[in-house]
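Biologist: I'd like to learn how to read a few features off a model. Can you walk me through them?

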Amino acid sequence: GYDADLTLVNSEEDWIVEMDCFKDWLRSLLSLSGVCVGIFSIVLVLTLIDSLQNTIKEGFESFGTDIVFIEKEPLEPDLNEDGIFRWWEYFSRPNVSYSEYLYLRQNSRFAERMAFSSRFSNITAVCGDWEAIVPAGISDGRAFSCDEIERGASVTIIGESAAKEMFKHGENPIGHSIRLLGKNFTIIGVFEKCGTNTVSTVDIDNARLIPVKTGQSMVDLSKTRTSITTSPKQSISKEEFIEELRALMRQHRRLSPRDKDNFSINRISFIIEQMGEIFALANLLGWIIGLFSLLVGGFGIANIEFVSVQERTSEIGIQKAIGARRSVILRQFIREAAIMSILGGLAGIGLAGVIAAIIPSSFIHLSLSLKNAAIGILVSLITGVLAGLAPALKASRLNPVDAISSH
């Protein structure tokens with residue numbers, strides 16, 4: 001009976017020890033998960049923003065930051081005294097016309113490049129310096145010739161996605177004929193793949209470009225979405241250029257000095273400024289989400305360290321009795337908390353790297369930089385140090401005699 005009772009007691013003690021170990025393991029896992037999620041959020045947001053900024057920067061560089069669009073509606077918000085967009089003032093405005101493009105091209109002294117575009121259905125009709133509208137190379141075939149633009153030839157340049165959709169068996173689309181709005185067009189070129197993250201006024205991968213004069217024979221361009229894209233000569237300031245465009249447009253539309261502009265001159269630099277504000281907001285939100293997760297993980301690490309101090313009280317007392325200074329005890333527990341936090345941070349950085357690697361580059365090209373990884377490790381280290389500071393201070397202030405006799 002004695003052996004049986006002893007075995008039962010030992011079994012209960014083993015079970016209690018195992019449960020305590022499980023609780024400690026679970027507590028540590030949850031704490032590390034909090035740090036992992038926090039660092040993952042921060043690093044992934046930083047990586048995403050860096051990738052978007054690089055992509056858009058490259059796109060705007062191919063466009064040129066001095067590009068100006070003359071369109072029906074403004075890009076910049078125009079609000080009334082109640083903060084409502086004045087959409088009703090733009091609804092009745094006439095679209096920018098092909099004749100206005102010709103007038104500006106003939107009379108502008110400051111314009112370097114100028115193009116006209118009209119978008120309808122899945123077709124974009126272009127003329128002039130149309131490469132300014134579609135900053136993408138041609139992977140197969142050729143571009144429009146001046147003669148094809150001038151006489152309105154039935155030729156088209158299509159995007160890679162459009163080519164794959166039309167020719168699913170992999171045949172070369174160059175020279176093939178396709179029908180667009182009931183009219184036959186010969187494919188003369190295919191644009192190189194750009195992806196959805198490319199800066200452009202046209203969906204290049206799904207584009208069907210045709211000459212404007214060909215488009216005029218198909219639809220009424222005054223009822224389509226039209227735009228004049230232009231940029232100034234290098235020696236001309238943007239302000240001078242915009243004022244010249246405004247004066248020429250008002251002159252062509254015969255507006256009196258009292259009449260308001262019934263057109264909008266949109267600057268691509270405004271889009272750049274807006275994108276910068278959006279990125280800054282996304283960056284801030286990523287840090288807020290990450291810091292909340294880090295706060296949870298930090299409290300978990302602090303809790304683990306407090307429990308560790310409680311369980312190792314006598315050990316700390318012995319260390320201090322044989323001459324260990326307070327700074328040694330302090331560094332010991334801060335180091336343990338920092339290592340735990342860095343392990344969670346490394347897991348978060350690894351997870352962010354995996355996500356960046358599996359996202360298709362055709363959607364967005366994500367690349368985890370050493371700078372962002374270093375930021376993640378640094379934030380993890382700071383979190384661990386702050387989380388371990390209070391338990392470490394408590395451990396370093398223990399009285400050696402009381403600590404040794406605590407168990």
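Biologist: Let's begin with a loop: where is arginine 254 found?

Modeller: Arginine 254 sits in the loop between helix 7 (238-252) and strand 10 (264-267). Helices (H or I, at least four residues) and strands (E, at least two) are DSSP runs, numbered from the N terminus. Before we go on: this is a predicted model, so local features need pLDDT of at least 70 and side-chain atom pairs count only at pLDDT 80 or more, while totals for chains, interfaces and linings use all residues. Residues are numbered from 1 along each chain as its sequence is written, and side-chain values use heavy atoms, leaving out hydrogens and water.

Biologist: What is the phi of arginine 254?

Modeller: The general idea is that most residues other than glycine have a negative phi. Arginine 254 is not a glycine, yet has a positive phi of about 55°. Arginine 254 is also exposed, with a relative accessible area of 76%; exposed means over 50%, buried under 20% and partly exposed in between (1.4 Å probe, protein chains only). Leucine 181 has a positive phi too, of about 50°, and is found in the loop between strand 6 (177-180) and strand 7 (183-191).

Biologist: Now the inside. Which residues have the most contacts inside the largest nonpolar core?

Modeller: Nonpolar side chains tend to be buried together in soluble globular proteins. A nonpolar core here is a set of buried Ala, Val, Leu, Ile, Met, Phe, Trp, Tyr and Cys residues joined through side-chain atoms within 4.5 Å. The largest has 54 residues, and Phe144, Phe191 and Leu209 have the most contacts inside it. A second, separate core has 17 residues, including Ile42 and Ala337.

Biologist: And strand 2: which strands does it pair with?

Modeller: Two strands pair if DSSP finds at least two bridges between them. Strand 2 (residues 111-120) pairs with strand 9 (residues 225-232) in the antiparallel sense over eight bridges, with alanine 111 opposite proline 232. Six bridges join strand 2 to strand 3 (residues 123-128), also antiparallel; there, serine 117 has valine 126 as its bridge partner. Seven of the 10 residues in strand 2 are buried.

Biologist: Last one: at what angle do helix 10 and helix 11 pack?

Modeller: Two packed helices are described by the angle and the distance between their axes. Axes are lines fitted to C-alpha atoms, for helices over the stretch in contact, and angles run from 0 to 180 degrees between N-to-C directions. Helix 10 (residues 326-358) and helix 11 (residues 370-396) pack at about 145°, with axes 6 Å apart.
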